[in-house]
Each structure stands twice: as structure tokens, then as C-alpha cells.
Amino acid sequence: MAVATDAVAASCARHTTGVCKANSSHPRGATAKCKDGTYSYSASFRGTCSHHRGVKYWYR
């Protein structure tokens, strides 16, 4: 089980907020899911979901 966890962790960049969910289902091209339930397609990490209560999950 630890191997799967390591594989998921390795598939996301290090972020200060949010949880890596790279292997979960999400819309194509989405980079994050915001805390208000909307998806972000932001090309940069900085400011992602800033007007949506922050990042809940990262997909990369």
C-alpha cells in the first residue's frame, strides 16, 4: 500500500495547500479542484483558486 501512496505523491508538484489526487477522476486539463467545488485550469500554481476559498485537491 505504501508504494501506491508514494506513486501518487510523486505525480504532483509540492504545494503548500491542498492534497494530491492526481490519479482520481477529474475533467481533462483540470489542474486543481477548489474548495467551493469549481475546477481550475490554471497554468501556474500561484493564485490557483484564490477567489474560490483555496485549493482542495491538486491534479498535478
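**Contacts, bonds and core**

Mentor: A polar atom of the T48 side chain lies 2.9 Å from the backbone oxygen of F45. For polar contacts, the rule is N or O atoms within 3.5 Å; within protein, one must be able to donate a hydrogen and the other to accept it, and residues adjacent in sequence count only if both atoms are side-chain atoms. This is a predicted model, in which local features need pLDDT of at least 70 and side-chain atom pairs count only at pLDDT 80 or more, while totals for chains, interfaces and linings use all residues. Residues are numbered from 1 along each chain as its sequence is written, and side-chain values use heavy atoms, with hydrogens and water left out.

Trainee: Which other backbone oxygen lies 2.9 Å from a polar atom of the T48 side chain?

Mentor: That of S44. T48 itself sits in the loop between β3 and β4.

Trainee: Is T48 buried or exposed?

Mentor: T48 is buried, at 8% relative accessible area. Buried means under 20%, exposed over 50%, and partly exposed in between, with a 1.4 Å probe and protein chains only.

Trainee: What does T48 touch beyond its neighbours within four places in sequence?

Mentor: The contacts of T48 are A32, S40, S42, V55 and W58; contact means heavy atoms within 4.5 Å.

Trainee: Now T31. Where does T31 lie?

Mentor: T31 is in the loop between β1 (19-20) and β2, and it is buried at 6% relative accessibility. A polar atom of its side chain lies 3.3 Å from the backbone oxygen of S42. With neighbours within four places left aside, T31 is in contact with S40, Y41, S42, W58, Y59 and R60.

Trainee: Stepping back, how many helices and strands are there in the protein chain?

Mentor: The protein chain has one helix and four strands, in the order α-β-β-β-β from the N terminus. These are DSSP runs numbered from the N terminus: helices are H or I with at least four residues, strands are E with at least two.

Trainee: How many disulfides are counted?

Mentor: Two, a disulfide being a pair of cysteine sulfur atoms within 2.5 Å. C12 and C20 form one, with sulfur atoms 2.1 Å apart; C34 and C49 form another, at 2.0 Å. With bonded cysteines counted along the chain, the pattern is 1-2, 3-4.

Trainee: Why is the disulfide of C12 and C20 right-handed?

Mentor: Because the torsion about its S-S bond is about 75°. For C34 and C49 the torsion is about -75°, so that disulfide is left-handed. C34 lies in strand β2 (residues 32-34) and C49 in the loop between β3 and β4, so this pair ties together parts that are 15 residues apart in sequence.

Trainee: And burial: is C20 buried or partly exposed?

Mentor: C20 is partly exposed, at 23% relative accessibility. C12 is buried at 11%, C34 is buried at 2% and C49 is buried at 5%.

Trainee: What makes up the largest nonpolar core?

Mentor: Seven residues: C12, A22, A32, C34, C49, V55 and W58. Such a core is a set of buried Ala, Val, Leu, Ile, Met, Phe, Trp, Tyr and Cys residues joined through side-chain atoms within 4.5 Å. The elements giving two or more residues to this core are β2 and β4. In soluble globular proteins, nonpolar side chains tend to be buried together.

Trainee: Which contacts does C12 make, leaving aside its neighbours within four places in sequence?

Mentor: C12 is in contact with C20, K21, A22, W58, Y59 and R60.

Trainee: Changing topic, how many aromatic pairs does the count give?

Mentor: Two; rings of Phe, Tyr and Trp (its six-membered ring) pair if their centres lie within 6.5 Å, with planes under 30 degrees apart stacked, over 60 edge-to-face and the rest tilted. One of them is F45 with W58, edge-to-face at 5.5 Å centre to centre and 85° between the planes. This pair links distant parts of the chain: F45 is in the loop between β3 (39-40) and β4 (55-58), W58 is in strand β4, and they are 13 residues apart. F45 is partly exposed, at 35% relative accessible area, whereas W58 is buried at 4%.

Trainee: Finally, what share of the 60 residues counts as buried?

Mentor: The share is 20%. Among contacts in the protein chain with a separation of 6 or more, 39% are between residues 24 or more positions apart.
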